[in-house]
Amino acid sequence: MLKLEKINKKINGRPILKDVSFEVTQGQTLCIVGPSGAGKTTLLKTIIGLTDYDSGEILLNGQKFVPTIDNVNQGVIGVVFQDFRLFPHLSTAENVSLAPRLKSGRDLKNIQTETLKLLTQLGLADKADLYPFQLSGGQKQRVAIARALALHPQILCWDEPTSALDPDMRDNVVTLITQLKQEKITQIVVTHDLDFAKKIADQMYQLTPVE
Ligand SMILES: Nc1ncnc2c1ncn2[C@@H]1O[C@H](COP(=O)(O)OP(=O)(O)OP(=O)(O)O)[C@@H](O)[C@H]1O
């Protein structure tokens, strides 16, 4: 599904990613693990097109793939950010339905129905009209997941999904990722939490700081 071949990246002349190669297949969960400073966030940003790379190749379904933030906006890749990045002035339902509304050719009624379905799946149906400041950390994260899923991404990326959560919520994230896996959603999860990674990963990619 998504294949990275010898990705290299320097920041300010310093090598951060060195010959990073892996392949995640449809429905698999790949965890990118490694100590602080190893380059996990940089690698995730590379995959979602928030930063570029110096050499190497990325293939999506066998075709050369150039990550750009447009791919995120168009729903090729969905992202759940560590700090959720919800739109503070939009309600839960509006946060989830905004991107589908902006995508041309979508029927408004369908979008409303699908938004409600997603919110129900994620246990947020009664929070549809609340704003981010009225939600707990775990609820905000679920809004971020619903928002990412609203565009039916081929790949769902998670940036440190447990770091802002207490231990109970951490178990909920394990359950959520496992449920999405059962729905055959391909997931890439950046985490420094090895115990968490072991619970969800089909495959782990260990990053170590480049000397
Ligand atoms: N914009 C930048 N300018 C300079 N150095 C940077 C920049 N972004 C990242 N780095 C450096 O690249 C290295 C990898 O950073 P990155 O944030 O990707 O690591 P990480 O594994 O995600 O760490 P953490 O687990 O602490 O979030 C670090 O040494 C960091 O200082």
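## Strand β7, an enclosed strand

All five of the five residues in strand β7 (residues 155-159) are buried, so the strand is largely enclosed by the rest of the structure. Here, buried means that 20 or more other C-beta atoms, placed from the backbone, lie within 10 Å of the residue's own; strands are DSSP runs (E, at least two residues) and helices likewise (H or I, at least four), numbered from the N terminus.

In a regular strand, side chains alternate between the two faces of the sheet. Both faces of β7 are covered: Ile-155, Cys-157 and Asp-159 are buried on one side, Leu-156 and Trp-158 on the other.

## About the model

This is a predicted model, where local features need pLDDT of at least 70, side-chain atom pairs count only at pLDDT 80 or more, and totals for chains, interfaces and linings use all residues. Residues are numbered from 1 along each chain as its sequence is written.

## Neighbours in the sheet

Strands pair if DSSP finds at least two bridges between them. Strand β6 (residues 77-80) pairs with β7 in the parallel sense over four bridges, with Gly-78 opposite Leu-156. Strand β8 (residues 186-190) also runs parallel to β7, joined by five bridges; Val-190 is the bridge partner of Asp-159.

Notes: A residue is buried if 20 or more other C-beta atoms lie within 10 Å of its own, exposed if 12 or fewer, and partly exposed in between; C-beta atoms are placed from the backbone.
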